[in-house]
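Here's a quick walk through a few local features of this model. Take a look at the structure first, then read on.

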Amino acid sequence: MSDLVIVESPAKAKTIKKYLGSGYEVVASMGHVRDLPKARLSVDIKHKFTPKYEIIKGKEKLVKELKALADKSDNIYLATDPDREGEAISWHLAYILGLPDGYDKRVEFNEITKSGVQNGMSNPRSINLDLVNAQQARRVLDRLVGYKLSPFISQKIRRGLSAGRVQSVALRIIVDREEEIRKFKPEEYWTIDAKFIPKGSRKQFTASLYSDANGKIKIQNQEQADKIEADLKDAEYMITKVRHGTRKRTPAPPFITSTLQQEASRKLGFQSRRTMKVAQELYEGVDVQGMGATGLITYMRTDSLRISEVAIDEVTKYIASEFGSEYLPDKPRVFKSRGNAQDGHEAIRPSMPHLAPDMIKDSLTSDQYKLYKLIWNRFTASQMSDCIHKTTQADIEANGYTFKASGYYVSFDGFTKLYVESKDESEEKSSELPSLEKDTPVKCKELQKNQHFTQPPARYTEASLIKALEEYGIGRPSTYASIITTITSREYVKREAKSLIPTELGEVITGLMKERFPKIVNLKFTAQMEEELDTVEHGNEEWVEVLDGFYTEFWETIKKAKADMEGVKLKLKEDETDLVCDKCGKPMVVKFGRFGKFIACSGYPDCKNVMKFVQKTGVKCPKCDGDVIVKHTKTKRIFYGCSNYPECDFVSWNEPTNEKCPQCGGILYRKKGKKPVLFCSAEGCGYSKTDNQEDS
């Protein structure tokens, strides 16, 4: 006889087994074992939205094995992830194993280390039904929206479409930004910069025109710029003011789920789904040489910035030892979480702060090492001293005009010795001014007039979209990856470089939603729903009441939309082709079936002519005169081949382009990656260049 511990994954089971020893059997449920079946709504709306759960198809054998192990075990510990989803999995496991109500051996591990596991096992509790109901409320609400709304969208636009409570709002944010960009009208403006050399010095510095006698100046056209240039011709310049100061930069806090996804996108080029997959591996445990299976980070789904005293003490000792006591602040830093943070877990940090990335590099995959290093650097830097800048600002005047120059140098690097947070915008560059004194004449070496135009708002990237979702209160950090995956995989949004751009399909769906279901895609309403769902988790509201308050109005809106749009079908330009049916002469159009896209006659049902859908790249085959087309492996990986296959055997993993190699005249191929390039594959050529237009 032994005690049974049930977790979600085999990797997590292996790591925990190492710490618990021979008296325990540790097994994995492989995620959820019971859920709402996909084939039907599975929610009894008339009877308090009762969900009709079933064993997930394909897991019947696993459930049988879990029951057999439970029957011969003294104690059963439910050790699924420490969040809503994990709580719900434990609740479903308790049900299928026949455990009594109020079962009190639910344990959770914030970190899978020896102390973390021992602490969790020493503090079992009952299943938290408020957490379970919060998960049920979200699950049922999303099922109601998806299964009631998706058929309507599919009927009015195209077969097989889906609409979701949160994904529709995320899509709207992207579409609205695209509309802003289209409506944007650039405005002209000019800047004037000057290059100066102080008297008695050889060091040159740059200053920008700031004001004239009437105050801060705005140059709107070339005529203004030319007048200023004329006014300053042969002028004498004098430094009239010099200010020296000190500026402190404080480190960024350790990661929470959203900031980890943002920074991994900026620094590593990881999509959010990839980030969360690797983070899960690091949390559940990796085989580290000399240590065995080891959980390397704390739980990665969190919105709290809290750090344990033990972790602070350990990282403080590490910083003092490796960098010196001058790299420690006067007291440990405490970071304040956002107002709506759950604070159920610590911030994301290394579970053993002394375990520097390079110490375990050989035990990690490339992705694991990169992400662990990012997490370790960010956490360690968060407990280091400020970076100190010595700043200089100077005013240079001539003929009633004032130029301003500013610069700084780093007098103490502090936390930046280890880590600097990335930004969506270009980062500030360090520039040091020469020694400047008030009332010193300066010589103007060059006056530069520069024409500019205001730029439209930037398209969203994964990083900036996640930031926007968090700021608006849309969804929760653990859902961001799945939201982005859904809208891109369904081709509502496409990636171009790092930008997320709505497709015509995405824009048409959003337009229909804004017209017919304005509340569903209303940002404030969706954020309010999230807050209401959170009240369920805190035990302040019944989940059935939350659903009832939403569903009545929602269903009336659907019925009205169906009546108002009876017989209406929205058409998409992207579904049109330049092909003509060889049987009846009518245009051929793109259709969508169970197995994907195909080409069919627009005269259906009178004409049922169909043909295979082929996605052309617009590039001619380098071996023959055929078209290069997009193909897919059985695992849906994209490659490129010739439309004349099998007569022509041209094939490539890298996308051919219409651009020619300047060295040998061959075609250039596009190679994707963190730093995408265009390269020539001709033997002995070796030409390549950065591809600034491609996705990283």
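T503 counts as buried, because its relative accessibility is 15% (buried means under 20% relative accessible area, exposed over 50% and partly exposed in between, with a 1.4 Å probe and protein chains only). You'll find T503 in the loop between β18 (499–502) and α14 (504–516). Its side chain reaches the backbone oxygen of E491 at 2.7 Å.

A word on the source: this is a predicted model, where local features need pLDDT of at least 70, side-chain atom pairs count only at pLDDT 80 or more, and totals for chains, interfaces and linings use all residues. Residues are numbered from 1 along each chain as its sequence is written, and side-chain values use heavy atoms, with hydrogens and water left out.

Next, a helix pair. The axes of α6 and α13 come within 10 Å and cross at roughly 70°, so the two helices are roughly perpendicular (65 to 115 degrees). The crossing of α6 past α13 is right-handed. Here's who meets whom, with contact meaning heavy atoms within 4.5 Å:

| Helix | Residue range | Residues in contact |
|---|---|---|
| α6 | residues 167–183 | Q167, A170 and I174 |
| α13 | residues 480–489 | I483, T486 and I487 |

Finally, a sheet. It's open, has 4 strands in the order β23-β24-β25-β26, and its pairing is antiparallel (strands pair if DSSP finds at least two bridges between them). At the edges sit β23 (616–620) and β26 (651–652), each pairing on one side only. Strand β25 (residues 638–642) is joined to β26 by 2 bridges, and G641 has V651 in β26 as its bridge partner.

Methods:
A polar contact is a pair of N or O atoms within 3.5 Å; within protein, one must be able to donate a hydrogen and the other to accept it, and residues adjacent in sequence count only if both atoms are side-chain atoms. Axes are lines fitted to C-alpha atoms, for helices over the stretch in contact, and angles run from 0 to 180 degrees between N-to-C directions. Angles under 35 degrees count as roughly parallel, over 145 as roughly antiparallel, 65 to 115 as roughly perpendicular and the rest as oblique. A crossing is left-handed if the near helix is turned anticlockwise from the far one by less than a right angle, and right-handed if clockwise.
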